[in-house]
Amino acid sequence: MKKVFRKYAFGSKGAATTKLNALGIDEEGQPTHNHSIVHLGNLVEVAGTYDEEGNELTAPVLSDTYSVDVMWDGEPVADWDAQMIWCPPMGVHTFGSSSAIAEWTQKCKELHPEYFPEPEELE
Amino acid sequence: MSNATLQLGGGNFAVKDGKLLGYATDPKTSAFVSREFDFSRGSNLAATRVDANGLIEKGRENLLVQSNQFDTTWFLNTTSVTSGQSGYDGSSDAWLLNSTATGFPRIQQTISASGVLTLSVYAKAATDGFMLIRTFGADSQVWFNLNNGNIVNSSGTEYVSSKTDNVGNGWYRCSVVLNGSLTSLRFYPESAYGVYSTSGNGIYIQDAQLEAGLVATDYIETGATTAQAGILEDMPRIDYTNSSSPALLLEPQRTNSIEQSEYLNTWNTIVNMTIDVNQGTSPEGHDNATKLLPTTFNGEHFIDKGGFSRTAGEYISHTIYAKADGYNYLYISNAASRLYGVYNLSNGSVEYVNSNGTDFTNHSANIEDVGNGWYRCALIGQALTSVATYMRISCAPVAVDSQGYNFAGDGTSGVLVYGAQAETNSSYPTSYIPTYGSAVTRNADTGIINSATDLIGQTEGTLFLDVEFDGDESVSYPSLVNVDTNSSNRFGILRNPNDKIHIYMIAGGVSQFTTDTTQTSGRVKIALAYANNDVAVYVNGTSLFTSSSVSVPATSKISLNRFGYNTTLNTKSRIGNTMLFKTRLSNEELATLTTI
């Protein structure tokens, strides 16, 4: 079965959970689907700084969206398209699959060629 | 004892075309025939195993296309290529790369790749004796003297390191390591350092490769698409950890949140520590270990990597491979004194492990000898607060009960490290997941035979499992090996959230029995023998449970690290052997079968 990797951003963790649960869960809350889900949460956009004791000097800056990466077991569910996002390869997280990375990179290049600048030809 | 209708392992694992082969006995001929498990992981670059040589094996990929077919796909800028030249490997597969005009003669390929990358090509002097390798996007340039293998100069904002390997007969494998988003790579023949080739002159080249990581590994030939080697996406991992006897390594989905597990120079905070890449042979068997070298400054010495969070109630498992190289003590911590472990790299012991009880609790540490002086050091703790956090690594000449030790380095002593990993929401560490710029997820390993009714005793039978397991399991009843049709008709051997192993049977939606081992880790042999109103469970040669009141469910699927009807309840195990019999073995046979 072809596996397809896509990235999504939701307004909140609750919104993400609602969407994930709609993919199917059993009575114990366990997924009944074969997709791989990774909750990235509110991404650290600027790392915090800490002293030698681990005390925070400057707080990390977190994204205001809740990120989820999905390795779809098959084609992505179309109902998720509104939350799909693209970024320069590969962002902060990827799945360790050559075929999925290649497919994602090709699709990203089609949709966002600006993320793949052509090299300068000047010497 | 009757023949097993299905056996997997027992010292002999076989894999064919990505399928895991179990062996069944043909009831008519008694001959062994293979029965295929559909095996799934969907991860190659994230998966590793310990191979028969005791070395970590990764999934590898040559990201170039037409890696030794330089007359197609590659762009020739005022150059020509001629095939059929004598190669470094005794073949006639090398190419003569000649300049055809003045200018900037080169051969190039456009590519999209990012992270820590190693670009390599075999090269030999012809009428020119120098080669420039230049990369764009990730900026680097390195000049190689092909007359003596020296690196004349190197530069670039994304340049990391370079080297030549003399492979004989005038050939060198020239490699450049860079860290960034690569868009194009070029090989230039040069007559001297900084002097481009002139018409009619050139060099020999062969077997170009671009791969993730800090070193060039064995060449992988590519054609119109990239090619992979080592661990492939759905390849079962036959693992030789701590043993010459192979076992099937099965693990749950895990993410390494450390975005650079090997190139530690990119970590967020580096305090009074020099980080030298490729300074020793790692547990992978390549010279890609990194030396952490405390400076002579009298004070603290550490490196931090953040970019991930801890969540209240969830465990984090941190691991890193380390080897003494002047100093014998490694320190691992999460958020400094909040959770830390101190490891003795000379005798393989944990000196201290602690947490502050406010940010972390339920701390534990482990150190595992992986050979050649290397240890895999693990630090595990349960977070009590939800906040962005970081993994810290340090080393010292002494061990103190703290997250670090202040001292002045001697300028030469340190430790070698490799393969840093932080697995969030994980109560035990799993195998190494390499990362080169992004956090990476390895999906769960699972296997199944969907149509196995003929292999399963429907009125009586025996299920046997020889397995190693460890760690504090936090998932509810994940499967080790399970036999089922659906959730209402099933039996098998599971993990238990109380860390034990759980043996059970359900028929018609009604629990027939459950029992747990007392053992919570290590190797265990379990046999479940069943017939109507007759069940016996033996563990390590001893009867654990019997019942004279059970109904046997109708079942059709055999699953590894999953259920037939659910793929998500996974755990970590090393299965040495599992067998199915269509007869209820006698109690004496069960005792013999399960004796370790």
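**Figure 1. Polar contacts between chain A and chain B.** In this predicted model, 21 residue pairs, both members at pLDDT 80 or more, are in polar contact between chain A and chain B. A polar contact is a pair of N or O atoms within 3.5 Å; within protein, one must be able to donate a hydrogen and the other to accept it, and residues adjacent in sequence count only if both atoms are side-chain atoms. Strand E2 (36-41), strand E9 (93-95) and helix H2 (98-111) of chain A each supply at least two residues of the side of chain A that touches chain B. Helices (H or I, at least four residues) and strands (E, at least two) are DSSP runs, numbered from the N terminus. H2(A) gives the largest share of that side, six residues. The number of salt bridges between chain A and chain B is zero, a salt bridge being a side-chain nitrogen of Lys or Arg within 4 Å of a carboxyl oxygen of Asp or Glu.

The model is predicted: local features need pLDDT of at least 70, side-chain atom pairs count only at pLDDT 80 or more, and totals for chains, interfaces and linings use all residues. Residues are numbered from 1 along each chain as its sequence is written, chains are lettered from A and ligands numbered from 1 in the order in which they are written, and side-chain values use heavy atoms, with hydrogens and water left out.

Figure 2. Tyr159(B) belongs to strand E14 (residues 159-168) of chain B. With 21% relative accessibility, Tyr159(B) is partly exposed; buried means under 20% relative accessible area, exposed over 50%, and partly exposed in between (1.4 Å probe, protein chains only). The side chains of Tyr159(B) and Ser154(B) make a polar contact at 3.3 Å. Not counting residues up to four places away in sequence, Tyr159(B) touches residues including Asp139(B), Val142(B) and Val176(B), where contact means heavy atoms within 4.5 Å.

**Figure 3. Gln512(B) in its strand.** Strand E42 (residues 510-516) of chain B holds Gln512(B), which is buried, with a relative accessible area of 17%. Its side chain reaches the backbone oxygen of Val510(B) at 3.0 Å. Leaving aside neighbours within four places in sequence, the residues in contact with Gln512(B) include Met505(B), Ile506(B) and Ser551(B).

**Figure 4. The salt bridge of Asp69(A) and Lys7(A).** The closest N and O atoms of this salt bridge between Asp69(A) and Lys7(A) are 3.1 Å apart. Asp69(A) is in strand E7 (residues 66-73) of chain A and Lys7(A) in strand E1 (residues 3-10) of chain A, so the pair ties together parts that are 62 residues apart in sequence. Both Asp69(A) and Lys7(A) are buried.

**Figure 5. The salt bridge of Glu284(B) and Lys58(B).** The side chains of Glu284(B) and Lys58(B) meet at 3.0 Å, N to O. Glu284(B) lies in the loop between strand E23 (273-280) and strand E24 (289-294) of chain B and Lys58(B) in strand E6 (residues 56-62) of chain B, so the pair ties together parts that are 226 residues apart in sequence. Glu284(B) is buried, with a relative accessible area of 9%, and Lys58(B) is buried, with a relative accessible area of 9%.
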